[in-house]
Amino acid sequence: MYTVYILECLDGSLYCGITNDLKRRVALHKAGKASAYTRSRGVKEVVYTEKRRTKGAALKREAQIKRLTRAEKLILVGSLN
């Protein structure tokens, strides 16, 4: 089982990724060891998650989310209605 997740960074930006261990991956992001993007911006919190059965399905959904505009991502995470 894989998790597609969106993090809110300290600068207000959003980061999307996938993992099979969300708790571990978020800890790596917060330690500055998971991605250059979150290392330079810091991590505030996880704002959205979705489960997918396979890595392929998770990668496909991640790609779909990354193509969304910021406004569409905010609607997805429930910040705008």
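Leaving aside neighbours within four places in sequence, Val 43 is in contact (heavy atoms within 4.5 Å) with Leu 7, Glu 8, Cys 9, Leu 10, His 29, Lys 30 and Thr 38. The model is predicted, so that local features require pLDDT of at least 70 and side-chain atom pairs count only at pLDDT 80 or more, whereas totals for chains, interfaces and linings use all residues. Residues are numbered from 1 along each chain as its sequence is written, and side-chain values use heavy atoms, with hydrogens and water left out.

Val 43 lies in strand β3, where strands (E, at least two residues) and helices (H or I, at least four) are DSSP runs numbered from the N terminus. With a relative accessibility of 11%, Val 43 counts as buried, a class defined as under 20% relative accessible area, with exposed meaning over 50% and partly exposed in between (1.4 Å probe, protein chains only). The C-alpha atoms of Val 43 and Asn 20 are 19 Å apart in space, the two residues being 23 residues apart in sequence.

Tyr 48 also lies in β3 and, at 17% relative accessibility, is likewise counted as buried. When residues up to four places away in sequence are not counted, Tyr 48 touches Val 4, Tyr 5, Ile 6, Arg 61, Ile 65, Leu 76 and Val 77. The side chain of Tyr 48 makes a polar contact with that of Glu 50 at 2.4 Å; such a contact is a pair of N or O atoms within 3.5 Å, of which, within protein, one must be able to donate a hydrogen and the other to accept it, and residues adjacent in sequence count only if both atoms are side-chain atoms. Between Tyr 48 and Ala 31, which are 17 residues apart in sequence, the C-alpha to C-alpha distance is 20 Å.

The open sheet consists of 3 strands in the order β2-β1-β3, with antiparallel pairing, two strands being paired if DSSP finds at least two bridges between them. Its edge strands are β2 (14-19) and β3 (43-52), each of which pairs on one side only. Neighbouring strands of this sheet are turned by 20° against each other on average, direction ignored, where axes are lines fitted to C-alpha atoms (for helices over the stretch in contact) and angles run from 0 to 180 degrees between N-to-C directions.

Helix α3 (residues 55-66) lies across β1, β2 and β3 and runs at about 170° to β2.

Over the protein chain, the secondary structure comes to 4 helices and 3 strands, which follow one another from the N terminus as β-β-α-α-β-α-α. Of the 81 residues, 40% count as buried.
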